[in-house]
Amino acid sequence: RKYNIPNTNYYLVYVKYGLIDNVTSVLYLTDNSGEVLDQLEVYIICNARIMDYTIDADGNVTVCRIIPDTQKDSEFTQFTGERRDVTYSVSGGKFVKTRTVEYEKAVYTWEQLGGDYYYCVWNGTEKVKSTSDTPSDKGTVKEKFQIIKLKLLPKADELRR
């Protein structure tokens, strides 16, 4: 997918890496000649959807991430975690963090994050814990996201086979 950022010569190019249950997607920021200027990890599914993104009409990207309480592999039907939304604008050919919203802990289930129902991470019902705006003169922010692998319990019909 390719998105033109309004009133600029920049494009957001969405590239997906991986197969079925282990997927990472990256938004590349390119100029009109196709040169990659910056990149931002925006989607992760590791047997459960723990990161997703939206792009608003102005070309700002909000990365919505669920951070599980546990940092080790575990089988789950549900887990407790915190959602964090980080918004980036494009300035000078770079992604620049402009806003962070943190939410209260919530319980996330297999049906939400890994089942057939597509749960939009950004439409959750979590309560806002804090919001902070980052002045745009702070420069580019490179965030490293820790990926944990959540092993899923088989569905009931798979157990019968």
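This short talk goes through the salt bridges in the predicted model shown above.

Since the model is predicted, local features are taken only where pLDDT is at least 70 and side-chain atom pairs only at pLDDT 80 or more, while totals for chains, interfaces and linings use all residues. Residues are numbered from 1 along each chain as its sequence is written, and side-chain values use heavy atoms, with hydrogens and water left out.

Side chains of opposite charge can pair when their charged atoms come close. The structure holds six salt bridges, a salt bridge being a side-chain nitrogen of Lys or Arg within 4 Å of a carboxyl oxygen of Asp or Glu.

Let me begin with aspartate 69, whose side chain meets that of lysine 105 in a salt bridge, at 3.7 Å from N to O. This pair links distant parts of the chain, 36 residues apart, with aspartate 69 in the loop between strand 6 (61-68) and strand 7 (74-76), and lysine 105 in the loop between strand 9 (94-103) and strand 10 (106-109); strands here are DSSP runs of E, at least two residues long, numbered from the N terminus. Aspartate 69 is partly exposed, with a relative accessible area of 42%, where buried means under 20%, exposed over 50%, and partly exposed in between, using a 1.4 Å probe and protein chains only.

Next, arginine 84 forms a salt bridge with glutamate 102, their closest N and O atoms being 3.4 Å apart. Because arginine 84 lies in strand 8 (residues 78-91) and glutamate 102 in strand 9, the pair ties together parts that are 18 residues apart in sequence.

Finally, aspartate 85 and arginine 83 are both buried, and their salt bridge brings the closest N and O atoms to 2.6 Å.

Notes: Helix = DSSP H or I, 4+ residues; strand = E, 2+ residues; numbered from the N terminus.
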